[in-house]
Amino acid sequence: MIGRLNHVAIAVPDLAQAATLYRDVLGAEVSDPVDQPAHGVTVVFVNLPNSKIELLAPLGDESPIAGFLQRNPAGGVHHLCFEVDDIVAARDTLQAAGARVLGDGEPKIGAHDKPVLFLHPKDFCGTLIEIEQV
Ligand code: CO
């Protein structure tokens, strides 16, 4: 069901420092920071030949990654995003298999203007999973 790994999201406490690390130490192509107020994050996109890394820093007082950074002050892998062809069909298959979909179960428009859903980390080896319809 899942297709390409669309991105790995890494929550970081210092976005400029993380961008410098990926650009200057790892030699990756790194975007300027992009504020995404609807998602409560500022994102730096790291473009790799076969996928992307998204460096996420909190934006605003109610950022969904604030709690994660409190528990992981040095930052860490926040979620993996897999591509799917049909997000409603994917959701139905996952729920039928007993996986928990976060929120009200209806796809939301994600950071790339495409429908996304998040799956409970306790059902996926301790990893928050995002699925995105491409
Ligand atoms: Co994501």
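**A note on a surface patch and some salt bridges**

1. Let's start on the outside: Leu21, Val25 and Leu26 make up a nonpolar surface patch, and together they have about 310 Å² of accessible area. Keep in mind as you read on that this is a predicted model. Leu26 sits in the loop that runs between α1 (15-25) and β2 (29-30). Its relative accessibility is 55%, so Leu26 counts as exposed, the cut-off for that class being over 50%.

2. Now to the charged residues. Side chains of opposite charge can pair when their charged atoms come close. Across the whole structure, a search turns up six salt bridges.

3. One of the six salt bridges pairs Glu83 with Arg4, with 3.0 Å between the closest N and O atoms. Glu83 belongs to strand β6 (residues 76-84) and Arg4 to the segment before β1 (5-11), so this pair ties together parts that are 79 residues apart in sequence. Glu83 is buried, at 12% relative accessibility, while Arg4 is partly exposed at 45%.

4. Arg91 forms a salt bridge with Asp92, where the closest N and O atoms are 3.1 Å apart. Arg91 is buried, with a relative accessible area of 11%, whereas Asp92 is partly exposed at 39%.

5. Arg91 also forms a salt bridge with Glu106, the closest N and O atoms being 3.4 Å apart. Because Glu106 lies in the loop between α3 (87-96) and β7 (108-109) and Arg91 in helix α3, the pair ties together parts 15 residues apart in sequence. Through shared partners, salt bridges join Arg91, Asp92 and Glu106 into one network. Glu106 itself counts as partly exposed, at 44% relative accessibility.

Methods:
Residues are numbered from 1 along each chain as its sequence is written. This is a predicted model: local features need pLDDT of at least 70, side-chain atom pairs count only at pLDDT 80 or more; totals for chains, interfaces and linings use all residues. Side-chain values use heavy atoms; hydrogens and water are left out. Patches are made of residues with over 30% relative accessible area and no salt bridge: like charges are joined within 9 Å, nonpolar side chains (Val, Leu, Ile, Met, Phe, Trp, Tyr) within 5 Å. Accessible areas come from the Shrake-Rupley method with a 1.4 Å probe; for residues, only the protein chains shown count as cover. A salt bridge is a side-chain nitrogen of Lys or Arg within 4 Å of a carboxyl oxygen of Asp or Glu. Helices (H or I, at least four residues) and strands (E, at least two) are DSSP runs, numbered from the N terminus. Buried means under 20% relative accessible area, exposed over 50%, partly exposed in between (1.4 Å probe, protein chains only).
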